[in-house]
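This briefing covers the fold of one protein chain, element by element. Please look over the sequence and the structure before reading on.

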Amino acid sequence: MTSGFTVIRDTTSASDIPRGCVVAMGNFDGVHLGHRAVIGAALRMAELHKTRALAVTFEPHPRLFFSPNTPQFRLSDEAAKLRLLAGTGLAGAVVMTFDKGRAGTTAHDFIHQDLIARLGISGIAVGYDFHFGKGRTGSPSLLATEMPRLGIEVDIQPHVDIDERPVSSTAIRMALAEGQIAEATEMLQGPWFITGEVIHGKKLGRDLGYPTANIRLPANCGLRHGIYAVRVGRGSERFDGVASFGRRPTFDNGAPLLEVFLFDFKGDLYGQTLDVAFIAFIRDELKFDGVDALIVQMNNDSANARAALAAAPDAFPKLGDVT
């Protein structure tokens, strides 16, 4: 394995897989505080073992495989998840393809074929509720029973609570659906973000004095429609702004679109890829009687967004580079 964060896939040659690593295993959607507790345990174990720590994760998300027709609001797609994992100090990630074959692999075979024979792990950390293998028969208790017999250390992390409320990907999705950005940020240990390419729109914002960078989010995005204070990343650059996510009821009530206005920015962003981090919820999406009333409200929204961003000057997800 080379230096930096490296991704190992099912197609990676066995000779390119480092032996003796410690792994943190999970789906890691959002890489929230509970996930970070597992990752932290793996990092500490790896330090004691004088080796490196990797994440073991699955793509597509098993829930999508088992329920392909049920909309799934993912907190982080594969690319975002890997960048978040790369920002934790892990040396890399093992991305296992979750398909019919893997879904049918027994827990015993997964342990012996995937974790031991292929990866040659020396230790593993998991969360208290993580299950794997056919029929979800693989459990933390199974790992705790089987792995030490093979000389492999096991660390099982308990649930993480904030104010006596369990941290989970589901709880974060619910918070985002309700516009509770501060609550989601606390559980994620950083702002929730999306990454997307700037597309051409109808230039409505430009006519109002608010030219926007438009990004189409996945159809299953469960973020509450409304106005947000956002911080935008373009490579290593950061820009503050205000964004609208919704259907533009004053104009066309069309398909949901993220429209981002960057403060004090001039330039062409079409075709560029941006990271948009959601810092604060400003208000719900509203329908206005006319353009003048909308502009007055947009001015107020911008002032409120600037204040929210000034109160969180360093807020941005910690992302790493993925090779």
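Which residue in S3 does Ala24 stand opposite? Ala24 stands opposite Ala55. This is a predicted model, in which local features need pLDDT of at least 70, side-chain atom pairs count only at pLDDT 80 or more, and totals for chains, interfaces and linings use all residues. Residues are numbered from 1 along each chain as its sequence is written, and side-chain values use heavy atoms, with hydrogens and water left out.

**Overall**

- The protein has 10 helices and 14 strands; helices (H or I, at least four residues) and strands (E, at least two) are DSSP runs, numbered from the N terminus.
- Along the principal axes, the C-alpha atoms fill a box of roughly 70 × 40 × 35 Å.
- Of the 323 residues, 49% are buried; buried means under 20% relative accessible area, exposed over 50%, and partly exposed in between (1.4 Å probe, protein chains only).
- The protein exposes about 15300 Å², and carbon and sulfur atoms supply 52% of it. Accessible areas come from the Shrake-Rupley method with a 1.4 Å probe, and for residues only the protein chains shown count as cover.
- Among contacts between residues at least 6 apart in sequence, 74% join residues at least 24 apart; contact means heavy atoms within 4.5 Å.

- S2 and S3 pair in the parallel sense over 4 bridges; two strands pair if DSSP finds at least two bridges between them.
- Together with helix H1 (residues 33-49), S2 and S3 make a right-handed β-α-β unit. A crossover is right-handed if, with the strands pointing away from the viewer, the path from the first strand over the helix to the second runs clockwise.

- In S5 (residues 123-127), 5 of the 5 residues are buried.
- Gly123, Ala125 and Gly127 point one way from S5, whereas Ile124 and Val126 point the other way.
- Val22 has Gly123 as its bridge partner in S5, and Val23 stands opposite Ile124.
- S5 also runs parallel to S6 (residues 153-157), to which 5 bridges join it. The bridge partner of Val126 in S6 is Ile156.
- From S5 the chain crosses through helix H6 (residues 140-146) to S6, and this β-α-β crossover is right-handed.

- Which residues of helix H5 (residues 107-118) are buried? They are Ala107, Phe110, Ile111, Asp114 and Leu115.
- These residues are on the same side of H5 because they cover an arc of only 120° around the axis. The arc is that of the directions from the helix axis to the C-beta atoms.
- An α-helix has 3.6 residues a turn, so residues three or four places apart point the same way.
- The cover over the buried residues of H5 includes S2, S3 (53-59), S4 (92-97), helix H4 (100-103), S5 and H6.
- In helix H3 (residues 78-86), Ala80, Lys81, Leu82, Leu84, Leu85 and Ala86 are buried. The buried residues of H3 pack against S1 (6-9), H1, S3, S4 and S9 (193-197).

**Backbone exceptions**

- Most residues other than glycine have a negative phi, and most peptide bonds are trans.
- A cis peptide bond, with omega about -5°, joins Glu59 and Pro60. Pro60 is found in the loop between S3 and helix H2 (62-66).
- Arg136 has a positive phi, near 55°, and lies in the loop between S5 and H6. Arg136 is exposed, with a relative accessible area of 55%.
- Asp163 has a positive phi, near 50°, and lies in the loop between strand S7 (161-162) and strand S8 (165-166). Asp163 counts as exposed, at 62% relative accessibility.
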